[in-house]
Amino acid sequence: EIKNGKVIIDVSPSLKNDFVNWDDDVYILNNILLRSLNADNLKSLFTQYFFGNYHPFTMLLLFLEYRIDGANPLVFHLTSILFHVANVFLVFKLLKLLFEKIEIAQVGALLFGIHPVQVESVGWCSEIKNVLYTFFFLLAMIQYVRYAQPITPPQPHPPPLSFKRGGKFHSSKFLFFSFFFF
């Protein structure tokens with residue numbers, strides 16, 4: 001849609017960027033855990049603090065990105081952009097659920113997508129932790145809003161996954177991921 005196009009245009013210059021000197025060197029360039037695929041490194045990603053933080057899924061994502069093309073910043077920036085665009089879409093969905101007006105959802109998603117706080121996280125490779133956290137947090141919020149809505153009679157073609165009370169998925173699982181792992 002138009003909002004995602006505008007967001008992609010705004011964040012796409014980061015594809016030409018290199019790593020930044022804040023902590024990309026610590027998380028990516030000088031991180032020996034990303035260099036080789038072995039049991040000890042994978043165990044360390046999930047059991048140890050890194051640079052004062054415990055965020056195993058962020059570290060796992062950095063590991064996977066590094067495995068694709070080494071320390072090529074393009075891979076890291078592209079991953080951030082893809083997650084950011086997904087987050088814009090999730091903000092749109094959440095606002096549409098809350099306000100039931102597509103115009104409000106579009107404006108809110110656009111403002112979220114181009115806001116400097118969000119764009120900074122996209123342009124800074126090791127800050128994928130913020131973009132990834134936002135992704136799972138928004139998924140959790142959407143599921144919670146769906147769960148909290150009054151139960152409606154069954155429709156002729158229900159969605160493939162049920163998020164209603166008693167369904168297979170609950171927002172608490174996504175919130176657990178968001179707060180514990182990111």
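**Aromatic contacts in a predicted model**

The charged end of K129 is placed over the ring of Y27, at 4.2 Å from the centre of that ring. The structure is a predicted model, and the ring of Y27 also belongs to one aromatic cluster, which it forms with F50 and F51. A pair of aromatic rings is described by the distance of the centres and the angle of the planes.

- F19 and F76 form an edge-to-face pair, with 5.6 Å from centre to centre and 65° between the planes of the rings.
- F19 lies in the loop between α1 (2-11) and α2 (24-29), whereas F76 belongs to helix α5 (residues 73-99), so the pair ties together parts that are 57 residues apart in sequence.
- Both F19 and F76 are buried.

**The pair Y133 and F137**

- The ring centres of Y133 and F137 are 5.8 Å apart and their planes meet at 20°, so this pair is stacked, given that planes under 30 degrees apart count as such.
- Helix α8 (residues 128-148) holds both Y133 and F137, which are 4 residues apart, or about one turn of the helix.
- Y133 has a relative accessible area of 24%, so it counts as partly exposed, and F137, at 27% relative accessibility, is likewise partly exposed.

Technical notes
Residues numbered from 1 in each chain as written. Predicted model: local features only at pLDDT ≥ 70, side-chain atom pairs only at ≥ 80, totals over all residues. Heavy atoms only, no water. Phe/Tyr/Trp six-rings, centres within 6.5 Å; stacked < 30°, edge-to-face > 60°. Helix = DSSP H or I, 4+ residues; strand = E, 2+ residues; numbered from the N terminus. Buried < 20%, exposed > 50% of the residue type's maximum accessible area, 1.4 Å probe, protein only. Lys NZ or Arg CZ within 6 Å of the ring centre and 35° of its normal.
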